[in-house]
Amino acid sequence: MDTKDYFRIRLSTIRPDEPSPFAIYILIDGKMITYLNEGDVLTPEKVQALHQKDSGESFFVLNERKAMYRQYIKDAMNSNLITNDNKAIILRESSIAILEDLFENPDVGIALEESKPIISDLLQFMDTAPGSIGNLISLSGHDFYTYNHSFDVSIYSLGLGQALGFDKAMLSELGTASLFHDIGKRNVSIDILCKRGPLDENEWIQMRMHPQFGLKILNEHPGLSDAVRAACYEHHESWSGGGYPQDISGQEIHPFARIVALTDTYDAMTTQRSYNIPMKPTEALNMMKVKLAAKFDPEMLKAMYSVLFKMEKKTG
Ligand SMILES: [Fe+2]
Ligand SMILES: [Fe+2]
């Protein structure tokens, strides 16, 4: 059996002191090793021992147990014994692990399909526990590029969409649009994406290609709406002009792209990248209000304040 027979999970989604209904594996030196047998209990000592060894965060469950794992997460989300704040963490950690798998999957069609339950779970959580949405945002404050970023941008965008009065169907489309806004970064070299320090001119040219790359990838999937494509292609355009790749401005930019432009910038400023220190939420908001205001749709920028007020990032 090889790694494609497994899917990734985060250990923080496993309830301690309760027998696990499925076995959990860990990838060591390219080999899947059993970490917890089916029916065994994940004790705090076991988790602790692992942290001391610092063996990373990649745990796996057999694909044939996927439905069971999803039900296990659903049970947690419906449990009266788990607080909403902890539910937010479970939802976040289970979604991120799926995204991690999906973003590495060469088949974008599968990624688009399998991301749907993530978005509907998020929307449901926003309905049932609006006060805990802030806990969906990463606590770690690092890891700018990748799944965390896409996930956080989705949370902010859904919050903003809700504040702008979007209905369920539009929100769910906005969820997809935000999750995949940077999909074109698949085609940018990893050395550039993870470079410690500012990019040189050539590297910038490559980096700035990601909206085009993304559009090309999404165009291969005819089921997607123009809105999803626009969010990917136009999220680096600027309200006052001067953005890329088309240098369009104002209402010419699709509303979804205007939303992602805002939430993407905010997440970038408040998250630790390889070479900067993250800004505090209030600093970032101030910067957007004062120095960057012209870049964003003013109505949306205004709505963004109220959203952030509700879900203040926990790193602050
Ligand atoms: Fe981007
Ligand atoms: Fe982004």
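How are α2 and α3 oriented to each other? I started with this pair in the predicted model.

**Entry: ground rules.** I note that residues count from 1 along each chain as its sequence is written, with chains lettered from A and ligands numbered from 1 in written order. Because the model is predicted, local features need pLDDT of at least 70 and side-chain atom pairs pLDDT 80 or more, while totals for chains, interfaces and linings use all residues.

**Entry: α2 and α3.** I found that the axes of helix α2 (residues 66-78) and helix α3 (residues 84-104) come within 9 Å and cross at roughly 160°. Axes are lines fitted to C-alpha atoms, for helices over the stretch in contact, with angles from 0 to 180 degrees between N-to-C directions. Helices are DSSP runs (H or I, at least four residues) numbered from the N terminus. So α2 and α3 are roughly antiparallel (over 145 degrees; 65 to 115 is roughly perpendicular, under 35 roughly parallel, the rest oblique). I see Ile-73, Ala-76 and Met-77 of α2 meeting Lys-87, Ile-90, Leu-91 and Ser-94 of α3 (contact: C-beta atoms, placed from the backbone, within 7 Å).

**Entry: α6 and α12.** Here helix α6 (residues 147-163) and helix α12 (residues 255-270) have axes that come within 9 Å and cross at roughly 130°. That makes α6 oblique to α12.

Entry: I looked up pLDDT, the predictor's confidence per residue from 0 to 100: the chain averages 88, and 92% of the residues score at least 70. Confidence is lowest in helix α1 (residues 44-53), at a mean of 69, and highest in helix α11 (residues 226-234), at 97. An automatic or database assignment sets the domain bounds: domain 1 is 1-82 and domain 2 is 108-310. Their C-alpha centres lie 30 Å apart.

Methods. Helices (H or I, at least four residues) and strands (E, at least two) are DSSP runs, numbered from the N terminus. Two residues are in contact if their C-beta atoms, placed from the backbone, lie within 7 Å.
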